[in-house]
Amino acid sequence: MDPDAFRSAAHAVVDLMADYLETIESRAVFPAIEPGSLRPLFPMSPPESPEPLEAILADYRRLVEPNATQWQHPGFLAYFATTASGPGILGEMLTAALGQNPMLWRTSPIGTELEEVVVDWLRQALGLPDGFDGLLTDTASTSTLIALAAARETCGAEASARGLAGRDDLGSGLRVYASAEAHSSVEKACMTLGLGRASLVRIPVNERFEMLPEELATAIAADRAAGLRPIAVVATVGTTSSTSVDPVAAVAGIAEREGLWLHVDAAYAGVVAMLPDRRAPFAGWEGADSIVINPHKWLFTPLDASLLLTRRMDALRAAFSLVPEYLRTLDRTAPVRDYNEYTPQLGRRFRALKLWILLRWFGLEGLRQRIERHIELAADLAAAVEADPDWELLAPVPFSTVCLRWRPSAIAARADEPAVADRLDQANAAIIDAVNRSGEVFLSHTRLAGRFTIRVAVGNLRTEARHVDRAWELLRDAAASQAVL
Ligand SMILES: Cc1ncc(COP(=O)(O)O)c(C=O)c1O
């Protein structure tokens, strides 16, 4: 593709992208298709001969766009939103054109140093002290894996050098603590790091789904008495199911007293710390050894971008640095940052570019306004739910996610009887199914205290009051066709 051909093709692609974004609301958020129905639409084998771009783009419009889950749709209220904002998309385009691999400073001076700049900009925006340094990864799962690898390294087990298999000197094993509501990525990190799922101790939560610090202290003491070796605690600010907030300051106090690594998972909610008036849920997080926040969740950044902040870059390096001859840079004596030494993988994306563009285009002010608006939209919905006697909130709403269910007032007193509880679960599952079939909005669910829970998670850049209002209307319409229990 010579430069002229590239230029005209790229213009055509930009038009396609703009058309897509302009018409996004005309599409169903989740397309009405069945699993397995797409694969037969594509040839069984790759083309032998080159095909014209027009044909490829025509197929893209016909086969790809309509069969995507429309994460860019303002009615996307499921899971946690990921929006590719305009400046974020432009950043991705430029990233692709530059083709950087900032594995070493040498392989991308700008990729390396702009990452340092953007990480520090974000740290300041979040109100964290300058002892925090960090890096960008693909996902919170990877960030947490890296943090727990660093924790494992600092516990004195020399795991990266000696491994963990057959180690009698480690007592009965290493232990990591997280609440019963912590994300599965913590458990996966334990699996991946050779600690095993059994190493993760799930600490009970209160009725607000927040970790009970006294239970944490008890669990650590019991494990020490049993010859186990506690190494890390994960506190979550904004859990996946209910967005509950663990008491970070109390957990930090325990971690410090016990000499444990504290990792704070704020993958979704962390960006709220950019709003100085809303920092209360984060009190104490400056005492963490590491913190993860995903710009690709609520900072309008296209996948992927996860920010791992840490006060202990040296520990990350101890866990992952391995420099073979072919990665040595021979022509310099002053040390530079080679980011590959802090992560399991070598090659890495130039994620700082899109963040630099996005932070400048919105400005912190623009980002704060949009996040604040989402919090307000969720609060308005929560108020409407509370005012309706046939619906109930199943968790507090500290950020922008509302957990609710239909529970007709006539059966409120019997709602916990097993037969009624089952029927409520089924009814709410049917309600969410009907709402999602409308294609106008897309919701997801979870289970809280055993109850089927509908989640309305506001976080898409394009979501306005009318979309949340419509979701609420669709929910009540769908409930109206349920038989009264
Ligand atoms: C609290 C929390 N932590 C971690 C993750 C994992 O994020 P990622 O998909 O970036 O690995 C999620 C995903 O929703 C989450 O909600």
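How many bridges join strand β9 to strand β11, and in which direction do the two strands run? In this predicted model, 4 bridges join β9, residues 401-406, to β11, residues 451-457, and the two strands run antiparallel. Within this pairing, Leu404 has Ile454 of β11 as its bridge partner.

**The sheet and its helix**

Strands β9 and β11 belong to an open sheet of 4 strands, whose order is β8-β9-β11-β10 and whose pairing is antiparallel. The edges are taken by β8 (391-393) and β10 (444-448); each has a single partner strand, so one side of each is left without a neighbour in the sheet. On average, neighbouring strands of this sheet are turned by 40° against each other, with direction ignored. In general, the strands of a sheet pair through backbone hydrogen bonds, either parallel or antiparallel.

Helix α13, residues 418-437, lies across β8, β9, β10 and β11. Relative to β11, helix α13 runs at about 30°.

**The chain as a whole**

The chain contains 14 helices and 11 strands. Its radius of gyration is 24 Å, close to the 23 Å that the globule rule gives for 485 residues, so the chain is as compact as a globular protein of that length. Taken along the principal axes, the box filled by the C-alpha atoms is roughly 70 × 70 × 45 Å.

Of the 485 residues in the chain, 51% are buried. The accessible surface comes to about 21900 Å², and carbon and sulfur atoms account for 54% of that surface. Among contacts between residues at least 6 apart in sequence, 72% join residues at least 24 apart.

**Aromatic pairs**

A search of the whole structure finds 12 aromatic pairs.

| Pair | Centre to centre | Angle between planes | Type |
|---|---|---|---|
| Tyr268 and Phe399 | 6.2 Å | 85° | edge-to-face |
| Phe282 and Phe399 | 6.4 Å | 50° | tilted |

Tyr268 lies in the loop between β5 (261-265) and β6 (290-293), and Phe399 lies in the loop between β8 and β9, so their pair ties together parts that are 131 residues apart in sequence. Phe282 is also placed in the loop between β5 and β6, and its pair with Phe399 links parts of the chain 117 residues apart.

Are these residues buried or exposed? Tyr268 and Phe399 are both buried, and Phe282 is buried as well. These three residues are part of one aromatic cluster, which also includes Phe80, Trp285 and Trp298.

Notes:
Residues numbered from 1 in each chain as written. Predicted model: local features only at pLDDT ≥ 70, side-chain atom pairs only at ≥ 80, totals over all residues. Heavy atoms only, no water. Pairing = 2+ DSSP bridges. Axes fitted to C-alpha atoms, helices over the stretch in contact; angles between N-to-C directions. Contact = heavy atoms within 4.5 Å. Rg over C-alpha atoms; globule rule 2.2 N^0.38 Å. Buried < 20%, exposed > 50% of the residue type's maximum accessible area, 1.4 Å probe, protein only. Areas by Shrake-Rupley, 256 points an atom, 1.4 Å probe, with all protein chains shown as cover. Phe/Tyr/Trp six-rings, centres within 6.5 Å; stacked < 30°, edge-to-face > 60°.
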